Amino acid sequence: MNEKKVKVGLNAVGIVGIVFTILGAVFLVLGIVMGIGLRREMGVGSFAFLFAFGGMGLLFFSLGLVFLITLGNQKKNAQRLLDNGNYVVAEIFDISQNYNVSVNNKHPFVVSCKYEAVDGTVHIFKSRYLYFNPEPLLKNNVVRVYVDNDNFKKYYVDIDEVLPTIVEH
């Protein structure tokens, strides 16, 4: 059986995590290598260099790892919701661009959908960022939204279900 995979996408948290981790690793290695090298030649004064570069590198590296772990947890939670199989069928009511986010001067599209519960409560869900206009490609106007039984704030909109396989070149 073909198992579905979650597509979360690389968001700002992931980009910052990658940049911070790489810069932190570079500064940490430079601080340690240069600090040890200067200590052999100059003596005690190199500890300031070691603490400045190494400490800053350790701080950036740690923050970057925290951001990357956060992104990994988002993907893991979405995959758990998809594997659990509890979903509601929501109606797509809006496709708009998020002008607050820009990657290479492109603003991502967000698909908004709504689900009305038995008690009359209307739940609004938003998809992951899509860097193309999905409107002309939609197969239908309803989509599965995988939800946590106890908490509708934890959800995953399976927008790939209503889109054809897309390969960007």
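Helices are DSSP runs of H or I with at least four residues, numbered from the N terminus. In this predicted model, helix 1 spans 12–42, and Leu23 lies within helix 1.

Helix 1 and helix 2 (46–84) each supply at least two residues of the patch, and helix 1 gives the most, with nine residues.

Nonpolar residues gather in the interior too. In soluble globular proteins, nonpolar side chains tend to be buried together. Here, the largest nonpolar core has 18 residues, and among those with the most contacts inside it are Ile92, Cys113, Phe125 and Val145. Strand 1 (87–97), strand 2 (109–116) and strand 4 (142–147) each contribute at least two residues to this core. A second, separate core has six residues, including Val6, Ala78, Leu82 and Tyr156.

Beyond residues up to four places away in sequence, Val145 touches, among others, Ala90, Cys113, Phe125 and Val157.

The strands themselves are joined by pairing. Strand 1 and strand 4 run antiparallel over five bridges, and Ala90 has Val143 as its bridge partner in strand 4. Strand 4 also pairs with strand 5 (residues 155–157), in the antiparallel sense over three bridges; here Tyr146 stands opposite Tyr156 of strand 5.

Methods
Residues numbered from 1 in each chain as written. Predicted model: local features only at pLDDT ≥ 70, side-chain atom pairs only at ≥ 80, totals over all residues. Heavy atoms only, no water. Core = buried A, V, L, I, M, F, W, Y, C linked by side-chain atoms within 4.5 Å. Buried < 20%, exposed > 50% of the residue type's maximum accessible area, 1.4 Å probe, protein only. Contact = heavy atoms within 4.5 Å. Pairing = 2+ DSSP bridges.
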